[in-house]
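Trainee: I am new to this structure. Could you walk me through how to read it?

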Amino acid sequence: MTVQPTELEAQLQAIRLEAQQALTKADSLDQLEQLRVKYLGKKGPIPQVLGGMGKLDPGDRPRIGAMANDVKEAIQTDLERRRTALQAAQLQAQLETETLDVTMPGVYRSQGRVHPLNSIMDRVIDIFVGLGYTVAEGPEMETDYYNFEALNFLADHPARDMQDTLYLPDGNILRTHTSSVQIRYMEANEPPVRIVMPGRCYRRDTVDATHTAVFHQLEFLAIDEGLTFTDLKGTIRMFIEQLFGDVPVRMRPSYFPFTEPSAEVDCQWRGRWLEVMGCGMVDPNVLKAVGYDPEVYTGFAAGMGVERLAAILYQIDDIRRFYTSDLRFLEQF
Ligand code: DAH
């Protein structure tokens, strides 16, 4: 028995109409999805109609097939249109319920700020980075070797008493200065070297207005062929000028085991000479300890206390204030 093409055509028309009506009535995206499955799904009416095509006269098949496609597309178009409308309505409803009163007082959040010690360290690091240096860091728990021995502090040498050390039960120590980072860096890198080393240090100091058991140092080191004391002086002048401005600077002979000659640097600040750092030409013994040839390379280094710099620059008379977390103090910076 053959099927009349008009019969299938009528079925397809009916499907299209029914879907159209159902879609206009859909009032949620969920419902829309159900209708999509119902009319366009694999188990929907259109495949069913197409299933009946086998019984058609072959000449009618293309026409019916094309019509089935048209119906599918029409349903698809209606569906999308309805989806857009529903989404817009949903957004509109949301906007109407979520009103925002811009005249209401805001929630005040107090703003944090950079701690004065960190801000000084950042400034110093920026100056040296501008001179082509890179930042190097090392551990705060150190061995005697890196903190003392490789820096030419001989065993039982009185120079060890210059720094009251905190010993750990395992025989290691808390580093007393950032100079240990020089050794670690040179051991791992070939010259030329230009590094700036910020970090926390520890000493068995009795706490008072100018001493704390935990403090910060900044150190710089340059190693290359042909570096002289003049380069050290020039670097220090440049640095002090950038940090303090155009102030008088002087150097006094001093002693450190790891530099020879060594000097103390003072700058005049508000009418007084203030000591700002220790420095010197790296001792050949230090270069040898890291495997650099002292006949080829020379270099200079300097180390300064960050609390001291901050105390000078911010006119703080008691460095313990940097650690008490008193907002009345910290918020002034
Ligand atoms: N390590 C010294 C100290 O803690 C500071 C210092 C002096 C570092 C001279 C240096 C230097 O690199 O060359 O007192």
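Trainee: At roughly what angle do the axes of helix H1 and helix H2 cross?

Mentor: Good place to start. This is a predicted model, where local features need pLDDT of at least 70, side-chain atom pairs count only at pLDDT 80 or more, and totals for chains, interfaces and linings use all residues. Residues are numbered from 1 along each chain as its sequence is written, and side-chain values use heavy atoms, with hydrogens and water left out. Two packed helices are described by the angle between their axes and the distance between the axes. Here the axes of H1 (residues 5-25) and H2 (residues 29-40) cross at roughly 170° and come within 10 Å. Helices (H or I, at least four residues) and strands (E, at least two) are DSSP runs, numbered from the N terminus. Axes are lines fitted to C-alpha atoms, for helices over the stretch in contact, and angles run from 0 to 180 degrees between N-to-C directions. That crossing makes H1 roughly antiparallel to H2 (the term covers angles over 145 degrees).

Trainee: Which residues of H1 meet H2?

Mentor: Contact means heavy atoms within 4.5 Å. From H1, Ile 15, Glu 18, Ala 19, Ala 22, Leu 23 and Lys 25 take part, and their partners in H2 are Gln 31, Leu 32, Leu 35, Lys 38 and Tyr 39. This contact divides into 7 nonpolar, 1 polar and 3 charged residues. Ala, Val, Leu, Ile, Met, Phe, Trp, Tyr, Cys and Pro count as nonpolar, Asp, Glu, Lys and Arg as charged, and the others, Gly among them, as polar.

Trainee: How far apart do the C-alpha centres of domain 1 and domain 2 lie?

Mentor: Domain bounds come from an automatic or database domain assignment. That assignment gives domain 1 (5-97) and domain 2 (116-330), and their C-alpha centres are 80 Å apart.

Trainee: Where is Pro 192 found, and which peptide bond is cis there?

Mentor: Pro 192 sits in the loop between helix H7 (179-188) and strand E5 (193-202). The bond from Pro 191 to Pro 192 is cis, with omega near 0°. Another cis bond joins Glu 260 and Pro 261, with omega about -5°; Pro 261 lies in strand E8.

Trainee: What is the phi of Gln 315?

Mentor: Gln 315 has a positive phi of about 55°, although this residue is not a glycine. Look for Gln 315 in the loop between H10 and helix H11 (327-330).

Terms used: Angles under 35 degrees count as roughly parallel, over 145 as roughly antiparallel, 65 to 115 as roughly perpendicular and the rest as oblique.
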